[in-house]
Amino acid sequence: MPHSITDPVDRRTFVKTLSAAGLGLAAMGGSFAAAGSPRKRYAIVGTGSRRVMYQDAIEKTYPEHAELVGLCDTNPGRLELARTRSTQNGAKPPPGYAASDFERMIRETKPDFVIVTTVDATHDDYIVRALELGCDAISEKPMTTEAGKCQRILDAKKRTGRNLRVTFNYRYSPPRTQVKDILMSGEVGDILSVDFHWLLNTHHGADYFRRWHSQKKNSGGLMVHKASHHFDLVNWWLSAMPKQVHASGKREFYTEKMARRFGLQGAHERCHTCPEKDKCGFYFDLAADRNLKALYLDQEKHDGYFRDQCVWRPAINIEDTMNVLVDYDSGASMSYSLNAFNAWEGYHVAFNGTLGRLEHTMVEQVYVSGTDTVQGGIADDGVSIRVVPLRGPARNVKPWSAAGAHGGGDKVMLDEIFLPSPPQDKYLRAADERAGAASCLVGIAANRCFETHQAVAIDSLVTGLERPMYPPMPSRTRLLPMPEKSNPAHL
Ligand SMILES: NC(=O)c1ccc[n+]([C@@H]2O[C@H](COP(=O)([O-])OP(=O)(O)OC[C@H]3O[C@@H](n4cnc5c(N)ncnc54)[C@H](O)[C@@H]3O)[C@@H](O)[C@H]2O)c1
């Protein structure tokens with residue numbers, strides 16, 4: 001049986017936090033339409049692969065509550081593809097605007113919300129301008145890639161009083177919400193440390209080294225682009241703020257030297273024109289997939305962006321092997337790793353608590369961005385959750401489940417974004433700029449450690465970062481039940 005959640009003080013705080021969250025949501029979505037009110041107006045900037053989820057949600061799933069009024073991108077070909085999709089969705093295609101006309105789009109189409117799905121390093125610019133022009137913003141993770149950009153966003157939010165939501169869809173995946181539920185229940189006590197190891201395979205993992213993500217100036221590297229999902233999960237799972245980061249990182253697999261060890265002559269520019277495509281196990285055929293061809297190969301003529309650059313090329317400057325230690329204000333610490341060349345994709349996480357250990361593993365299906373594969377889809381029997389008390393038998397927990405991208409999490413999150421009266425969420429999964437900052441700053445600090453080999457304090461990176469709204473966790477001072485005596489003869 002789970003132990004009682006918290007002491008009376010925590011229970012009161014919990015109720016207070018929940019009602020504050022209700023207010024928070026209402027405020028966040030001063031924005032979110034009240035029942036019976038007109039449809040909310042959305043513009044999307046960044047019309048690549050991730051845009052599709054939001055566009056289809058607006059035009060197909062929630063058309064009575066939402067309307068797509070403008071599209072904006074640097075690439076006119078992808079803009080036109082997005083407009084064509086509106087027609088396919090049975091909606092009127094919204095006007096498309098060049099990136100240089102972003103502000104004109106806002107003036108002419110008057111959106112309530114700007115959805116930001118551009119290259120990571122450009123999020124800050126669109127978020128800040130959207131807020132300053134009187135819109136609320138919804139940004140994909142990572143919120144941003146550098147400390148100075150993070151500061152700009154925090155300042156703009158305070159200056160304008162507008163709202164920013166950062167869409168951490170990982171929080172909504174049912175098994176991850178379930179982990180939060182168990183941690184909140186107090187069954188494993190208060191958490192003193194976390195072991196978290198994320199594996200990217202040589203399909204999805206390799207793909208980061210082909211795309212814009214392979215340049216730190218675009219993505220912040222995998223510590224920011226990818227791990228900000230994971231750092232956010234831990235901040236939220238623990239209801240804690242990261243304080244200090246130590247890290248080391250290197251790139252040793254996706255290198256020209258490794259290409260030679262695998263029998264190739266060396267690195268080349270891209271797969272499409274590769275002279276060694278028959279020999280390379282990492283050859284990626286953009287022309288073979290209808291979606292990839294339409295989104296990227298056919299649009300190269302507009303901006304010269306190659307979606308299939310060689311994974312062995314020396315110009316890559318992100319890491320593929322990363323180890324991080326994080327200290328939290330709750331007193332917990334985390335040991336984390338991210339490797340991008342693994343045999344399978346998914347993660348192991350374990351929470352070491354004062355009453356036991358919660359162990360959770362997820363094995364994901366093979367996924368490649370821009371194709372019909374399901375992002376974050378869970379492999380058959382791929383989830384396990386186990387609670388091991390300090391003494392006594394382990395309890396295997398049946399995982400919560402749902403179908404769809406990110407283990408069904410995307411659908412729950414979209415309901416919360418687009419429904420006029422989303423249900424109150426006791427897990428407080430909706431994230432704003434504070435949680436956006438608290439996650440990307442761990443990655444930004446790790447990047448700094450890679451260069452300096454010195455620990456980095458989070459509060460040395462930005463000023464004025466407030467604690468996000470998190471559900472209360474088991475008290476770290478309550479009395480604990482003494483574990484049963486164990487007789488060494490019976491162990
Ligand atoms: N939450 C998730 O699980 C998830 C999944 C995929 C992507 N994402 C995020 O979504 C965002 C987009 O990723 P994607 O996979 O769609 O990439 P993509 O390369 O398919 O699309 C990016 C688009 O941005 C456009 N663009 C680039 N610079 C621009 C600028 N300055 N102004 C306007 N448009 C610009 C490009 O032309 C392109 O159309 C990224 O921030 C990524 O991290 C999140």
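1. H272 sits in the loop between α12 (256-261) and α13 (290-295). Helices are DSSP runs of H or I with at least four residues, strands are runs of E with at least two, and both are numbered from the N terminus. H272 is partly exposed because 17 other C-beta atoms lie within 10 Å. The cut-offs are 20 or more such atoms for buried, 12 or fewer for exposed, and partly exposed in between, with C-beta atoms placed from the backbone.

2. The model is a predicted one: local features need pLDDT of at least 70, side-chain atom pairs count only at pLDDT 80 or more, and totals for chains, interfaces and linings use all residues. Residues are numbered from 1 along each chain as its sequence is written.

3. Setting aside neighbours within four places in sequence, H272 is in contact with L286 and D308. Contact means that the C-beta atoms of two residues, placed from the backbone, lie within 7 Å. Between the C-alpha atoms of H272 and A287 there are 8.3 Å, and the two residues are 15 apart along the chain.

4. D459 belongs to the segment after β16 (456-457). D459 has 14 other C-beta atoms within 10 Å and is therefore partly exposed.

5. An open sheet of 7 strands runs in the order β3-β2-β1-β4-β5-β6-β15, with mixed pairing. At the edges are β3 (96-98) and β15 (431-432); each has a single partner strand, so one side of each lacks a neighbour in the sheet. Two strands count as paired if DSSP finds at least two bridges between them.

6. Within this sheet, β5 and β6 pair in the parallel sense over 4 bridges. S139 is opposite V166 in β6.

7. Helix α15 (residues 409-418) is mostly covered, with 7 of its 10 residues buried. These are G409, D410, V412, M413, L414, I417 and F418. They pack against α2 (51-61), β2 (66-73), β5 (136-140) and β6 (164-167).

8. The ligand has 21 residues around it, of which G48, S49, R50, A99 and E140 come nearest. A residue is near if its C-beta atom, placed from the backbone, lies within 6 Å of the molecule. By class, the shell holds 3 nonpolar, 12 polar and 6 charged residues. Ala, Val, Leu, Ile, Met, Phe, Trp, Tyr, Cys and Pro count as nonpolar, Asp, Glu, Lys and Arg as charged, and the others, Gly among them, as polar.
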